[in-house]
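Open the model in your viewer and keep the selection tool at hand.

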Amino acid sequence: MPRTSRMKISELANPNRFMRLATRMIPLFAALAAVLLAYGLYLGFNAPAERDQGITARIMFVHVPAAWLALGVYSMMAVAALGTLVWRHPLADVAQKAAAPLGAGFALICLVTGAIWGRPTWGTYWEWDGRLTSMLVLFLIYLGIIALWRAFEEPLAAAKAVAILTLVGFINIPIVKFSVDWWSTLHQPASVFRLDGPTMHSSYLNPLLICALGFSFLFGAMLMAAMRNELLRRRVRTLTIFAAQEQR
Amino acid sequence: MSGVVAILRRDLALSLRAGGGVGIGVIFFLAIVMVMPFAVGPDQKLLAQIGPAILWTGALLASLLGLDRIFGADAEDGSLDLLLLAPQPLEVIAFTKALAHWLATGLPLVIATPLLGLLLGVEIDTLWVAVLMLLIGTPAIAFLGLIGAALAASLPRAGLLIAVMIVPFTIPVLIFGTAATTAAIAEGAVFGTAFKFLCALLLFSLVIGPVAAAAALRLGRGS
Amino acid sequence: MAAMHFTFVAWAYGVAAAILLALIVWIALDYRAQRTRLAELESRRGKK
């Protein structure tokens, strides 16, 4: 997923420079996202109807990118965690903190759209199918990370703890995915109905990829905005502490 | 080596003291097992069928909620800072503390399992398998939990927070543990796979637990 | 049949949009709150 801000990582180490860059990039990314999503959805809704699922298959244009982003954002957080622990990049923990609720949001979107898609397909709103269940566990991991951020008074102390938790989670996610898949085949010997269809025709694949790209740019815009907020929040906190000290 | 043994003895002694938490974990385990039939209904056949699952869930929850005891007392009275300065590698110290914690809280759960399993009407043969599988699974949970305990070492009343953080990582233990327990008698092939992965998870946790916990403790105090 | 299924599609996109909108609104409100607070604090420091 292209995010041009990452290519200039060393130049962005200065928070002020980042803020200025963010102010320019956020509207650009948002505009790109809007254009891509509009085009992708237009293509997607005009693709020929699938024999088996008909119109409900169009849910995939939001469900599948959400799944990719939920996982992609976590990977980004893991890289940022390394940035905090190993390379000591000053903006790494800000990126981590900002990304967590966004990733959780995409996981939630994936789960809810998956459930809604499942209703006409399976008959129930929820099936403990391997992939949705793994996404549910990923959502729980996100919530744990957010909880840990909020448990500390000082954001920098939290950053290191959260970095470790994120990396431990990153190692564990394949293990969880593997065990959940094993568990779901154990209890459902019949082949699990794949939500995105047995094969992907290019008339569906192209809109899907365009939407995925659009959502990625949307994430990029939200991330930079949230990082900006976090930097402001820390400045406020520092000034508040100074003010309290001066009043003594 | 003697330092490590000293830590082990100290932690065990502290746990066995009043307020040390040895009994309360087992009582909580009993509470969970007792509560399930009220929720599910006294259908003997159903309870016997889901019995192993209830035992595993109870053991998991009872283990998770006691995790803040690993470093909680030490953080409060300053012993944690001393441990960080000790000559032994922090990973070894963390390993020892997890071992002590499991001996004091996890092992009693395993010992209580046959009695609680009888309440649920689980067959004797399955019960013995359950005991064995829990003997492998509870230390895995304890050593994974060690990571959460270390991350939250400086935070007060972190019991629920640690449980929430660690639960996702214990799901594989739960999956393979229950599968091994229920499949041992009837389905040999499934048991084989599940047992292998359960053992693998234990070994994995024995390594990653202390390593991550030591890193967490160092970073927590270093800043 | 198709009309019934369209409801599901509408709900799915609706919920997704709602969650994204909630995130965006939260980010925007947070931005405003932080800027206001920051201006407050900096003006107070300036007065010293």
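Select B:A180 and colour it as buried, since 27 other C-beta atoms lie within 10 Å. Buried means 20 or more other C-beta atoms within 10 Å of the residue's own; exposed means 12 or fewer, and partly exposed is in between, with C-beta atoms placed from the backbone. This is a predicted model, where local features need pLDDT of at least 70, side-chain atom pairs count only at pLDDT 80 or more, and totals for chains, interfaces and linings use all residues. Residues are numbered from 1 along each chain as its sequence is written, and chains are lettered from A and ligands numbered from 1 in the order in which they are written.

Now show the helix around this residue. B:A180 sits in α8 of chain B. Helices here are DSSP runs of H or I with at least four residues, strands are runs of E with at least two, and both are numbered from the N terminus.

Which residues does B:A180 touch, leaving out those up to four places away in sequence? Select B:M133, B:F191, B:A194, B:F195 and B:L198. A contact means C-beta atoms, placed from the backbone, within 7 Å.

Zoom out to chains A and B. Here 22 residues of chain B contact 20 residues of chain A. On the chain B side, α7, α8 and α9 (188–222) each give two or more residues. The most come from α8(B), with 11. Colour that side by residue class: 20 are nonpolar, two are polar and none is charged. Nonpolar covers Ala, Val, Leu, Ile, Met, Phe, Trp, Tyr, Cys and Pro; charged covers Asp, Glu, Lys and Arg; the others, Gly among them, are polar.

Bring in chain C. Two pairs of chains are in contact, and chains A and C share the most contacts. Chains B and C have no contact, and their closest C-alpha atoms are 23 Å apart.

- Select B:R157, in the loop between α7 (124–151) and α8 (159–186) of chain B. Its phi is positive, near 50 degrees, and it is not a glycine. B:R157 is exposed, with 10 C-beta neighbours inside 10 Å.
- Select A:R88, in the loop between α2 (60–87) and α3 (92–122) of chain A. This non-glycine has a positive phi of about 55 degrees. A:R88 is exposed because 10 other C-beta atoms lie within 10 Å.
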